[in-house]
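Subject: Structure handover

Hello,

I am passing this structure on to you. Please find it below, followed by notes on what was found in it.

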Amino acid sequence: MARSTSHSARGAHTATSLFRAVALVVLAGWLTAGCGGGSAGTLTGAPTTGAAGVNPQPQSFPVSPASATVAVGGVSQAFSATPPAGSSVVWEVNGVVGGDATVGTVSASGLYLSPAVLPTPATVTVSAVTSDGTESGSATVTLSATQVITVAVTPANASVVAGTGTMQYSATIDGAASTAVTWRVNGLNGGDATVGTIDTHGLYTAPATVPAQPTVTITAVSVADPTKSASVPLLVTATPLVTAVTVSPSAATLQAGTGMLSFVAVVTNATVGGVTWQVNGVAGGNATVGTINSNGLYQAPATAPSPSTVTVTAVSVGDPSKSASATVTLLTPTSVSISPTGANVQAGIGTQAFTASASGVTNPSINWQVNGVTGGNSTVGTISSTGFYTAPAEVPSTSTVTVTATLTSDTTKSASASVSIKQPVKVSVSPGTATTQAGNGTQAFVATVSNTTNTGVTWAVNGITGGNATVGTISTSGVYAAPAAVPSTGSVTITATSVVDTKRSGSAKDTVTAGVAVTVSPSTASAQAGTGSQSFTVAVANTTNTAVTWQVNGIAGGNATVGTISSTGQYTAPAAVPSPATVTVTAVSAADSTKSGSATLTVTPPVAVSVSPGTATLRAGTGGQTFTASVQNAANAAVTWQVNGITGGNSSVGTISSGGAYQAPTSVPSPAQVTVTAVSVADPSKSGSATVTITAPVSVAVSPSIASVTAGTGAQQFSATVTNGTTNSVTWQVGGVTGGNSTVGTISSGGLYTAPAKVPSPATVTVTAVSVDDPTRSASASVTITASSSPPTISGTPPTSVQAGKLYSFQPTATSPSGATLTFSIANAPSWATFSTTTGLLSGTPGSGAVGTYANVSISVSDGTNTATLPAFTITVTAASSGSATVSWVAPTTRTDGTPLTNLAGFRVYYGTSPGTYTTSITVANPTVTSYVVSSLTSGTYYFVTTAYDTNGLESAYSAGGSKTIP
């Protein structure tokens with residue numbers, strides 16, 4: 001790795017802190033330098049290069065086994081490989097180092113573990129590859145569907161006494177066709193005399209003495225899959241450790257069929273805890289004497305056994321010779337009775353209280369049901385926890401239901417009563433429908449009540465007892481009186497509710513009809529005095545005769561003061577605004593003269609329009625004036641603008657916007673006066689006007705219209721004439737800049753133009769006179785700026801050769817006595833070079849394909865008028881040369897103070913094209929390497945030195961130098 005750095009001077013390290021400099025040999029074929037600073041040697045030979053190497057084909061070696069079948073789910077298979085001597089291997093699955101979760105994994109030692117799921121395809125390749133990748137071996141693994149095998153061993157914990165103790169074990173195999181197992185003690189098939197033995201049936205026999213590790217491991221290994229096993233610990237003791245077992249409670253009394261009780265066993269001094277439970281000597285008990293689970297929960301049998309007392313026993317697992325017992329006395333229930341055993345109730349309102357009693361039990365709690373449903377339901381009736389029965393709203397499909405009292409502690413014991421459900425109260429109202437006139441209509445309704453001797457009812461309208469003014473009222477005898485107005489629903493519901501059973505009722509519907517109604521629309525309006533009118537329409541409801549009579553302020557047909565109205569409802573405003581200004585228009589029903597509808601109409605003054613300002617004088621082409629319109633006596637103040645009667649005007653008379661902004665035409669119309677009018681939108685017959693006088697536009701002329709001046713010294717006097725203006729004053733500009741500037745030239749307020757120091761680009765500028773009276777009016781003249789007659793100069797000596805791959809550069813020197821801007825040009829420029837027309841720089845790096853001669857290259861400079869040219873020249877591109885230098889050295893062994901050098905880290909090679917100045921360095925980070933080839937050196941002479949550095953970063957002084965010239 002090269003680094004560009006200058007090493008013309010060193011001295012950062014002292015001799016005592018470093019070590020001796022290396023001896024240098026520079027072999028560029030072969031240039032040598034003597035050790036210890038000798039002068040450069042002489043060329044003694046040429047370098048050689050080795051033949052290109054070819055990598056040999058990979059070799060193979062065996063992997064064992066060559067094939068295997070493994071079930072998925074993490075099943076293992078060990079593989080071994082025999083690589084060449086001295087080679088290490090890397091294990092792969094399907095080309096993946098270590099494999100993965102899809103195809104299985106393989107350890108660094110070759111142990112393959114199958115994946116959790118069967119891959120596709122189901123065959124994978126396990127390979128061992130040498131670390132250099134040149135040799136390998138492989139085996140094929142066929143994966144089969146998951147074979148889940150589980151093994152369980154019981155008992156989980158136990159202890160035996162050395163010399164005499166035995167323990168029977170059993171193994172359960174799931175997931176395999178074969179349930180056979182191999183028994184082991186501490187990993188030994190069948191065990192031995194030291195740790196105890198176990199036969200093929202799982203019977204363990206303790207050793208004669210307690211083994212060194214008293215706890216041994218009993219293992220059952222699946223014959224179907226030896227990778228699957230289960231183990232339990234077993235304690236071998238010198239003497240039994242259990243001293244006592246107690247059970248609590250020691251005695252209990254339970255009800256047969258329902259009784260349950262949890263027993264607790266305490267084992268004293270047990271290394272292996274836990275007990276097994278028995279009832280009357282039967283492990284776990286049975287249906288006759290009751291059952292008990294592994295946690296000591298006892299469940300009484302359905303009936304009391306004979307004798308009725310049973311024994312519950314806890315046997316120590318650690319020492320089955322130790323146990324403790326408790327007694328359980330089982331009771332049998334006798335009977336349940338209910339009172340009364342029968343009852344009659346009416347649907348909807350009937351109730352009946354029942355009582356129940358139980359004998360022969362300690363817990364006489366009762367569960368009440370109706371037709372087998374605890375607490376009953378809305379169909380068969382309900383019953384409370386105290387036996388209070390309530391009949392359903394309707395008679396069920398079987399009019400008789402059964403009330404049952406069941407003993408809570410023994411659901412097999414119960415007693416029942418029969419309840420007969422009678423028909424409920426029924427109420428009907430007649431007539432079922434009726435029609436009543438709003439305001440004074442009445443209707444008598446009759447209620448019929450059956451299935452009860454009490455026929456009293458309560459009357460309601462729309463659920464309101466007795467009704468009200470909105471829906472109508474009803475008396476206690478059932479006479480309905482309609483409300484003054486038709487209710488929002490149009491009809492009401494008359495309801496009679498039984499007094500004896502308020503859930504029972506009957507209903508009828510009464511439709512309330514309305515009287516004649518008259519509606520006038522619009523309900524409000526306005527009309528202008530003198531010209532206004534308004535059309536009214538009438539709607540007559542609830543009668544076939546829809547004729548009406550029209551009135552204004554109560555006067556049939558109206559009159560000249562308040563306005564008139566026709567028989568069709570057409571109102572015409574009076575000539576003047578009445579007092580008050582609002583009148584009432586009324587339509588009176590011909591069918592019922594008491595019914596009418598009205599509207600109010602406001603008579604407004606006539607519309608008036610005025611325009612401001614009333615007069616204006618504007619200049620053609622530029623003049624503008626905004627007019628405003630005031631509209632009185634109209635809610636709508638909008639107007640339409642006209643010029644000489646033309647909406648919006650036109651180009652001849654001027655235009656006006658919808659906002660009243662008038663713009664004069666470009667020339668004076670004939671006549672020169674126009675009329676601007678605002679017409680009321682509310683009443684187009686009303687308008688207001690203003691008069692506008694149009695005067696001639698301002699015109700400007702500039703003399704002379706064309707001129708030419710010399711840059712730096714030239715000047716030109718211009719004059720301006722203004723016609724139709726109130727003043728003849730103008731503002732002078734050059735190129736649109738008031739007064740001009742140093743680039744385009746300047747002009748005084750009197751019109752004297754002075755040329756700029758240099759010819760601008762473009763060389764022609766515009767001088768403009770702008771009217772002060774009307775800045776939109778102006779006139780211009782054209783001025784051409786010419787350069788002085790002094791031509792530019794150009795000089796310089798261009799290089800005539802360049803080596804391919806190196807930069808060629810030449811920039812001539814050019815001046816302009818007139819100060820004009822110079823532009824460079826070139827003829828016959830080489831294709832590999834670029835040329836700047838601004839600076840004249842010719843530069844470029846020719847490639848190896850550009851070797852050759854480029855003749856008649858010519859560079860010129862121009863100030864826009866005159867041109868100067870360098871003598872034509874030729875550029876020769878020569879071929880590039882490159883070479884290499886082999887630098888060799890002798891590694892130092894001691895430091896500058898003579899002490900041994902023990903931590904040499906590497907070397908650095910420095911070189912450059914000047915003696916003592918080394919612009920490039922190369923680090924060789926290997927203390928055993930003693931030469932380096934520096935390549936890609938172009939032609940020239942190169943100077944080399946080397947240094948050594950240690951692991952602490954300390955670096956030696958330069959070695960003696962060597963050099964090499966590359967032609």
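The largest pocket has a volume of about 200 Å³. Its lining is made up of 13 residues, and Val759, Pro760, Thr821, Asp863 and Gly864 are the closest to its centre. By type, the lining of the largest pocket divides into 5 nonpolar, 7 polar and 1 charged residues. Please keep in mind that this is a predicted model.

The second largest pocket has a volume of about 150 Å³. Its lining includes Ser526, Ala527 and Gln528, as well as Thr604, Val607, Asn633, Ala634, Ala635, Ala682 and Asp683. Strand β60, residues 524–528, gives the most to this lining, with 3 residues. Here the division is 5 nonpolar, 4 polar and 1 charged.

**Nonpolar core**

The largest nonpolar core has 23 residues. Within this core, the residues with the most contacts are Tyr169, Trp183, Tyr204, Val216, Ile218 and Leu234. At least two core residues come from each of the strands β15 (150–154), β16 (158–161), β19 (181–185), β24 (215–222) and β25 (229–237). β25 supplies the largest share of this core, 4 residues.

**Strand β106 and its partners**

Strand β106 covers residues 940–950 and is mostly covered, with 8 of its 11 residues buried. β106 pairs with strand β103 (residues 904–912) in the antiparallel sense, over 8 bridges. β106 also pairs with strand β107 (residues 962–966), again antiparallel, over 5 bridges.

Which residue of β106 is the bridge partner of tyrosine 911? That partner is phenylalanine 944. Phenylalanine 944 in turn has glycine 962 in β107 as a bridge partner.

**An open sheet of four strands**

Elsewhere, 4 strands form an open sheet in the order β72-β78-β77-β76, with antiparallel pairing. Its edge strands are β72 (624–626) and β76 (649–650), each of which pairs on one side only. β76 is joined to strand β77 (residues 654–656) by 2 bridges, and the two strands run antiparallel. In this pairing, asparagine 650 has glycine 654 of β77 as its bridge partner.

Regards

How values were computed:
Residues numbered from 1 in each chain as written. Predicted model: local features only at pLDDT ≥ 70, side-chain atom pairs only at ≥ 80, totals over all residues. Heavy atoms only, no water. Buried < 20%, exposed > 50% of the residue type's maximum accessible area, 1.4 Å probe, protein only. Pairing = 2+ DSSP bridges. Core = buried A, V, L, I, M, F, W, Y, C linked by side-chain atoms within 4.5 Å. 1 Å grid on protein atoms, 1.4 Å probe; cavity = no way out; pocket = protein on both sides within 12 Å on 5 of 7 lines; lining within 4 Å. Points joined across faces, edges and corners; volume = space filled by probe spheres on them. Nonpolar A, V, L, I, M, F, W, Y, C, P; charged D, E, K, R; others polar.
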